[in-house]
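Biologist: I'm new to this one. Could you walk me through how to read it?

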Amino acid sequence: LSGLTANTTYYMYAVGTDSAQNNGSVVSTSFTTTTTQPVFNDNPTITGTYGQQVKDMTVSQVASTNGVAGSWSVSSTDKPSVGTSSTYAVVFTPDNTAQYATVTRNIVPTVQPKSLTAEDVSIGEVSGTYTYDGTEKKPIVTVSDSAATITASDYDYSYSNNTNVGTATVTITAKGNYTGSVSRTFTIAKASAPSITYPMASGIT
């Protein structure tokens with residue numbers, strides 16, 4: 001049979017006839033059709049960058065092997081971390097939902113680290129003033145992300161030329177959910193000359 005509609009009950013009737021053309025009793029049966037299941041040899045993939053919601057990540061559009069047209073999508077608003085092991089339901093919705101069934105696959109997304117130079121990431125300037133005293137100066141620079149959670153475990157500080165008078169550098173190097181590095185400079189000023197008090201001539205013997 002072909003041309004049947006899904007989720008529909010059909011009835012069939014048959015009458016037997018003998019060689020003398022005598023009709024027998026009417027026999028009937030019925031059956032109900034269901035939607036056709038799309039078939040896939042491969043699973044879709046989810047790829048994105050830290051800070052993205054899963055629903056905004058890229059879902060590969062794996063085609064069905066039995067020619068069912070449709071598309072894959074995911075609806076979660078989670079923002080998974082790099083290296084996540086969490087799974088998310090990716091749903092194939094056929095163009096013709098009356099004839100074909102939806103298919104769900106649970107997929108672990110591949111999350112790439114986010115660049116420290118991304119538009120949402122803010123790297124502050126060095127605040128405060130620094131004067132030479134023979135010790136290293138290690139100011140902290142504020143790092144924030146308006147689109148995701150960034151913590152101190154996502155980056156390290158390193159310093160150069162940060163003891164003597166002149167221009168010093170602090171470098172923020174990303175790790176974990178972030179990648180890349182950003183540098184900020186600050187100035188170490190000369191120390192003030194020591195104040196020397198000379199005795200008055202009248203005090204000299």
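Biologist: How many residues does the protein have, and what percentage of them count as buried?

Modeller: Keep in mind that this is a predicted model. The protein has 205 residues, and 28% of them count as buried. Its accessible surface comes to about 12,900 Å², with 48% of that belonging to carbon and sulfur atoms.

Biologist: And how many helices and strands does the protein have?

Modeller: Zero helices and 16 strands. For contacts between residues at least 6 apart in sequence, 50% join residues at least 24 apart.

Biologist: Now the inside. Which residues have the most contacts within the largest nonpolar core?

Modeller: The general idea comes first: in soluble globular proteins, nonpolar side chains tend to be buried together. Here the largest nonpolar core has 34 residues, and W72, L116, I123 and Y178 have the most contacts inside it. The elements giving two or more residues to this core are β5 (70–74), β6 (88–94), β7 (103–107), β10 (121–123), β14 and β16 (181–189). β14 gives the most, with four residues.

Biologist: Let's pick L116. What does L116 touch, leaving out residues up to four places away in sequence?

Modeller: Its list is V121, I123, I150, I172, A174, Y178, T179, G180, S181 and V182.

Biologist: Is Y13 buried or exposed?

Modeller: Exposed, because its relative accessible area is 63% and the cut-off for exposed is over 50%.

Biologist: One last stop, N161. Where does N161 lie?

Modeller: In the loop between β13 (155–160) and β14 (166–174). N161 has a positive phi of about 55°, although it is not a glycine.

Biologist: And why does N161 count as exposed?

Modeller: Because its relative accessibility is 57%, and exposed means over 50%.

Key
Residues numbered from 1 in each chain as written. Predicted model: local features only at pLDDT ≥ 70, side-chain atom pairs only at ≥ 80, totals over all residues. Heavy atoms only, no water. Buried < 20%, exposed > 50% of the residue type's maximum accessible area, 1.4 Å probe, protein only. Core = buried A, V, L, I, M, F, W, Y, C linked by side-chain atoms within 4.5 Å. Contact = heavy atoms within 4.5 Å. Areas by Shrake-Rupley, 256 points an atom, 1.4 Å probe, with all protein chains shown as cover.
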